[in-house]
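Please consult the sequence and the structure shown here.

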Amino acid sequence: MRVGVTMACTECKRRNYTTTKNKKNDSGRLEMKKYCRFCQTHTVHKETR
């Protein structure tokens with residue numbers, strides 16, 4: 001039921017993180033505030049396809 005997803009920074013558009021999500025509970029795209037080492041600050045990361 002859990003699938004792997006890749007998270008991309010909304011500022012620089014680089015893919016920095018991978019995580020898993022439960023498709024049954026989280027049907028939409030994930031959004032998390034994470035640290036981007038390229039921007040060197042905390043930014044919103046969105047799930048990519």
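Which side chain meets that of lysine 21 in a salt bridge? In this predicted model, the partner is glutamate 47, with an N to O distance of 3.1 Å. Lysine 21 belongs to strand 2 (residues 15-22) and glutamate 47 to strand 4 (residues 41-48), so the pair ties together parts that are 26 residues apart in sequence. Lysine 21 is buried, its relative accessible area being 5%. Glutamate 47 is likewise buried, because its relative accessibility of 10% falls under the 20% cut-off.

The structure contains two salt bridges. The other pair joins lysine 46 to glutamate 31, and their closest N and O atoms lie 3.6 Å apart. Lysine 46 is located in strand 4 and glutamate 31 in strand 3, so this pair ties together parts that are 15 residues apart in sequence. The relative accessible area of lysine 46 is 40%, and this residue is partly exposed. Glutamate 31, at 52% relative accessibility, counts as exposed.

The two pairs are set out below.

| Salt bridge | N to O distance |
|---|---|
| Lysine 21 and glutamate 47 | 3.1 Å |
| Lysine 46 and glutamate 31 | 3.6 Å |

Strand 3 (residues 31-36) also holds tyrosine 35. Tyrosine 35 has a relative accessible area of 37% and is therefore partly exposed. Leaving aside residues up to four places away in sequence, tyrosine 35 touches Tyr17, Gln40, Thr41, His42 and His45. Between tyrosine 35 and cysteine 12 there is a C-alpha to C-alpha distance of 12 Å, and the two residues are 23 residues apart in sequence.

Notes. Residues numbered from 1 in each chain as written. Predicted model: local features only at pLDDT ≥ 70, side-chain atom pairs only at ≥ 80, totals over all residues. Heavy atoms only, no water. Helix = DSSP H or I, 4+ residues; strand = E, 2+ residues; numbered from the N terminus. Buried < 20%, exposed > 50% of the residue type's maximum accessible area, 1.4 Å probe, protein only. Contact = heavy atoms within 4.5 Å. Salt bridge = Lys/Arg side-chain N within 4 Å of Asp/Glu carboxyl O.
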